[in-house]
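Morning, everyone. Please look at the structure on the screen, and then we will walk through it.

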Amino acid sequence: MSGPLLRLDTISKTYRDVTAVHPLDLEVGRGDFLALLGPSGCGKTTLLRMIGGFLPPTTGRVEIEGRDVTALGPEKRNTNMVFQGYGLFPHMTVAQNIGYGPKIAGRDPEQIDLDVVRMLNLVHLNAVADRLPAALSGGQQQRVALARALVMRPAILLLDEPLAALDLKLRKAMQDELKALHKAIGGTFIFVTHDQGEAIDLANRIVIMEAGRIVQQGTPEDVYRRPASRFVASFVGDANMLPARRVGAEVAIGGGRLPAPGVDGDVLVVIRPDDVTLDATCPIGLDGTLAECRFMGPYQRLTVTLADGTQVIVHRPSGADAAPLPGVGDAVRLGLPPAACSVVAP
Amino acid sequence: MPGRGNLLWTGFGVLALVFLLSPLALVVFFSFAENQNATFPAGGATLHWYGVLFDDPDFWKALGNSAIVTLTVGLVSMVVGTAAAMTLARTRPALANALIGVITLPIMLPPLVLALALATGYSSLGLPLGLGTVIPSHVVFTQPFVILVVHAQMASFNMAVVDSARDLGAGPWTIFRTVILPIIRPTLIGATLMAMAVSLDDFIITYFTIGGGMTLPTMIWGMLRKALDPSINALGALVLVATVGTSLIALRLTRYRG
């Protein structure tokens with residue numbers, strides 16, 4: 001089939017006088033693992049719930065597989081959701097939870113049993129099939145919620161902050177599991193998260209939202225390496241932001257020039273701490289003083305104060321072959337590879 | 001001196017319990033005692049008074065009426081109360097609280113005023129008094145118990161469960177039947193039994209709205225006015241057993257663990 005799997009057309013949501021989502025367009029392709037990333041209150045969950053049919057949009061259309069589903073509720077859509085609190089049925093066993101949807105759909109009982117077993121295998125829950133959700137760990141409950149949604153073979157699986165309730169270690173394990181699951185079944189996943197690390201790790205495409213609008217979308221590398229705004233730069237990963245001026249579509253900084261189309265005026269040059277080098281041969285160089293050096297495990301975190309007082313953070317690998325460091329208080333010259341620099345509005 | 005303080009409290013507790021329970025114990029005790037006047041010395045043990053009670057055709061009539069009223073009131077309160085509570089749970093909180101205030105008015109009102117109002121209301125509408133007027137009158141003051149209890153449960157209900165069921169293709173009625181009802185069933189049974197207990201031992205409102213008939217409480221009232229026959233004690237003991245039994249069943253069903 002041609003065309004996107006999901007198309008949102010000028011979709012928006014307004015509550016009384018508050019606009020949660022401003023009119024926006026979005027297309028999601030088959031097989032995508034898409035992250036809706038943003039701080040709390042940015043409208044990402046509202047957007048997800050409109051895709052799932054739980055909220056009627058104020059304006060716009062939702063199309064799934066080329067069909068207008070705007071007026072349809074979640075029970076009529078070929079989407080399934082993994083809820084933030086999982087929403088497992090507390091009075092049903094794991095197997096009954098997973099079999100609920102197929103049973104409602106009127107599938108053949110023998111087929112349901114096979115499907116349930118297949119799902120239990122997929123999420124490694126065979127051993128607890130007859131337990132009630134209350135007797136499961138958080139990670140197991142999460143997997144039941146996944147299996148319960150996936151057994152419906154949805155065109156799109158929606159996940160609302162799927163890992164937020166898990167502790168760090170479990171979250172990492174579930175990230176791997178989600179990725180493996182996506183690969184195994186080849187489905188289309190859309191998940192909401194406020195955790196940029198999770199988005200970068202899991203998604204092949206990230207949509208960043210701020211105050212009800214999409215501010216940037218692209219591959220994890222795109223949004224990390226080429227942030228389109230100050231907000232994206234600061235929200236996704238750590239960023240150094242150096243004030244500069246744009247004159248004639250160029251920004252002069254540290255003895256070098258960055259091409260930067262746009263009107264003349266104040267701008268910020270954004271560079272990631274791991275892109276800044278101590279390489280004196282770099283075409284863009286900034287002189288400063290090493291103010292602090294901290295050992296962070298896999299890397300060292302240097303703080304360099306420039307002549308104008310701006311502080312620049314530098315991450316350097318802390319492995320055995322790392323070059324020896326200057327001492328605190330010494331003058332250093334920072335190298336900014338032009339390809340790693342982005343210019344954004346202040 | 002914790003020892004003495006504890007002793008004082010224990011003594012007070014025992015005294016309070018004796019005060020509360022001894023009349024009940026005496027009712028049961030004298031229902032099995034030979035003494036005609038229900039006084040000490042009690043005389044030997046006998047089932048005579050139960051025989052007297054069971055020979056009284058009024059007892060069977062009152063028992064039947066009480067059974068009809070209690071069961072109907074329980075059923076109607078459960079259905080009406082649950083429907084109201086489910087609707088209230090979906091109403092915005094400010095409005096819901098205002099509505100609950102209005103709905104629970106009947107249990108705030110003095111029963112005498114409510115009874116008078118109902119009796120006046122029926123007579124002005126020209127409705128003949130009887131079980132047909134007792135049942136709706138009871139529902140007026142039993143449904144708030146069901147609404148309050150079920151609404152409290154719905155307030156803490158995990159709505160993600162409802163969303164999940166919808167997401168998996170279930171319609172409103174299927175969701176209620178397969179998800180909401182099984183989860184709130186213990187609460188529902190508890191609330192219904194509470195409504196039935198309140199209905200079973202109501203006297204004032206029944207007395208004002210029943211006209212010529214009788215239920216167990218109004219029968220006791222009638223017997224008291226004639227003579228202090230120990231068969232009253234037998235009736236009292238039976239009502240006690242029925243009420244305590246119902247409560248125990250309710251606690252067992254709702255898996256109440258104290």
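Start with one strand in chain A. Strand β11 (residues 240-247) of chain A pairs with strand β12 (residues 250-253) of chain A, antiparallel, over two bridges. Strands here are DSSP E runs of at least two residues, helices are H or I runs of at least four, both numbered from the N terminus. Pairing takes at least two DSSP bridges between two strands. A:Val247 has A:Glu250 in β12(A) as its bridge partner. Two residues lie between the strands of this hairpin, and A:Gly248 has a positive phi near 60°.

β11(A) also pairs with strand β14 (residues 265-271) of chain A, again antiparallel, over seven bridges. There, A:Leu242 is bridged to A:Val269.

A word on the basis. This is a predicted model: local features need pLDDT of at least 70, side-chain atom pairs count only at pLDDT 80 or more, and totals for chains, interfaces and linings use all residues. Residues are numbered from 1 along each chain as written, chains are lettered from A and ligands numbered from 1 in written order, and side-chain values use heavy atoms, without hydrogens and water.

Now the interface. Which residues of chain B supply 44% of the area it buries against chain A? About 1,600 Å² is buried between the chains, 60% of it from carbon and sulfur atoms. That is accessible area (1.4 Å probe) lost on being put together, summed over both parts. The 44% comes from B:Arg166, B:Asp167 and B:Leu168.

Two salt bridges cross here (Lys or Arg side-chain nitrogen within 4 Å of an Asp or Glu carboxyl oxygen). In one, A:Glu75 meets B:Arg166, closest N and O atoms 3.2 Å apart.

Key
Buried area = accessible area lost by both parts, 1.4 Å probe.
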